[in-house]
Amino acid sequence: MSHSLETPKPLHFNAFVMNTTSHIHHGQWRRPDAGQTQFNDVQTWIDLAKLLEDAKFDAIFFADVSGLYGDSDADFDVYVTEGLQIPSNDPTVLLSALAVNTTNLGLALTSNVVQSHPFHFARQISTLDHISNGRIAWNIVTGVQDNGARNFGLSQLTDHAERYEWAAEYVDVTYKLWEGSWDEGALIQDRENSTHADPSKIHKIHHEGKRYKVEGPHLPSPSLQRTPVLYQAGSSASGRAFAAQNAEAVFIISPSPAVAKQQIDETRAQAVALGRQADDIKFFQGLSFIVGDTAEEAQALAAEYDTYVSVDGYAAHAAIVDKSGRVYDPQTPLKDVDTNTAKGFLEWISRYITDREPVVADLAHLQARNTRVVGTAEQIADQLELWQAAGVDGINVINWVIPGSFAEFAERVLPVLRERGLAQSDYAEGPLRQKLFGQPRLNDRHPAAKYRGAFAESRAGV
């Protein structure tokens, strides 16, 4: 393909992983080179993080869940048999180990608003940001599993729109703690005057809302970023509205560049309408790669990977349940699906399949095949140029095996991308947000910025 005479902007690259055996590509753990079966061994992740940092990946991005997929009242044998995100471990704990074994690699974790009280979570994040010298990102999710909701005392998953209302209050509490509770320069550590911190610069937040009542103050002093880099992965109408207001990076798994462009343009337009700028949000497309020296070799390798594919695993992962928790028949048209889970995924798949009525079974097929790129390193680079032209700023690289998928991408694809100016050759200075956006703190257009200095007057009456 022809290349633009303009100097291209480097894409960002995250390794999209989960502290489990079978995350996205189900059945591949059976391969002899699949090191993800050693997910309980911290050295697996330390070694991977070092590999990624050597390759100048922007971040390692951990997915997470708080429960099983599918019907809460049905058996869960298929998930256990497939190793499908059970067993899985808490990435928030794991990141502390990776932080002290890396220097520049961003460390992103997923945390559901239901699984941790915002005061406790904000403290954990500030601690991690201190440990890592400002390299933490948070993927804000609202959950898609009824079982996950039941694990935290709810009868079922809260209605989709209400989950985003919940998330809005949740992030509001964290913003108040991270941005407003401590003024700049509050931590003095003045030995001569016996003053460790300036009490006039530390404030309670006195938050009272529908779900939370939080007095404060935030216990940690401000970290380098204060607020972590904010990721969001919802592609439904509610999810895009939330992202337009809050996200700095959005993780998408669009089935084509054309569909990605629609989603990106819509979300950016909403952000601009809210007083933000279009480039205040970066979009990361999830893709997996199979690389060959020739196109034919790559296709042969893809066929080999296909022999390990678990149809049951993909089908179980894509389980779409109705509001009473029943699983839909695979041949159910998507237009007839009334679900409280994965709404965004359904909306975008419906846009992609236009020559016939898409059905629930299409989800499993598309998960397995549609976002993988097969070819030589040069052909892969050509494809990534198309995604970038659609508005994508970065790629979440999804593995088949760990560490092999990332080692192969680093050794074979990244050099070609660097030749084209599509991948960074070194890290920029500073915390993760500075590496991505040029400054360590949230910009003034973000809704969290309004809490800077907002609680100073409230201290007078305390």
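Residues are numbered from 1 along each chain as its sequence is written, and side-chain values use heavy atoms, with hydrogens and water left out. Because the model is predicted, local features need pLDDT of at least 70 and side-chain atom pairs count only at pLDDT 80 or more, whereas totals for chains, interfaces and linings use all residues.

**View 1. The packing of helix 7 (residues 237-246) with helix 8 (residues 257-273).** The two helices (DSSP runs of H or I, at least four residues, numbered from the N terminus) pack at an angle of about 50°, and their axes, which are lines fitted to C-alpha atoms over the stretch in contact with angles running from 0 to 180 degrees between N-to-C directions, are 8 Å apart. Helix 7 and helix 8 are therefore oblique to each other, the class left over once angles under 35 degrees (roughly parallel), over 145 (roughly antiparallel) and 65 to 115 (roughly perpendicular) are set aside. On the helix 7 side, Arg240, Ala241, Ala243 and Ala244 meet Gln263, Glu266, Thr267, Gln270 and Ala271 of helix 8, where contact means heavy atoms within 4.5 Å. By class, this contact has four nonpolar, three polar and two charged residues.

View 2. With a relative accessible area of 1%, Ser132 is buried (buried means under 20%, exposed over 50% and partly exposed in between, for a 1.4 Å probe and protein chains only). A polar atom of the Ser132 side chain lies 2.9 Å from the backbone oxygen of Leu128, and the backbone oxygen of Asp129 lies 3.4 Å from a polar atom of that side chain. Once neighbours within four places in sequence are left aside, Ser132 is in contact with Ala99 and Leu107.

**View 3. Thr376, in the loop between strand 12 (372-375) and helix 13 (377-389).** Thr376 counts as buried at 10% relative accessibility. Leaving aside neighbours within four places in sequence, Thr376 is in contact with Val291, Gly292, Asp293, Thr294 and Ala295.

**View 4. Arg418, in helix 14 (residues 404-419).** Arg418 is partly exposed, its relative accessible area being 27%, and its side chain reaches the backbone oxygen of Ala55 at 2.6 Å. Apart from neighbours within four places in sequence, the residues in contact with Arg418 are Ala55, Lys56, Ala423, Gln424 and Ser425. Arg418 and Leu11 are 407 residues apart along the chain, with their C-alpha atoms separated by 9.9 Å.

Methods:
Nonpolar A, V, L, I, M, F, W, Y, C, P; charged D, E, K, R; others polar. Polar contact = N/O pair within 3.5 Å; in protein donor to acceptor, adjacent residues only side chain to side chain.
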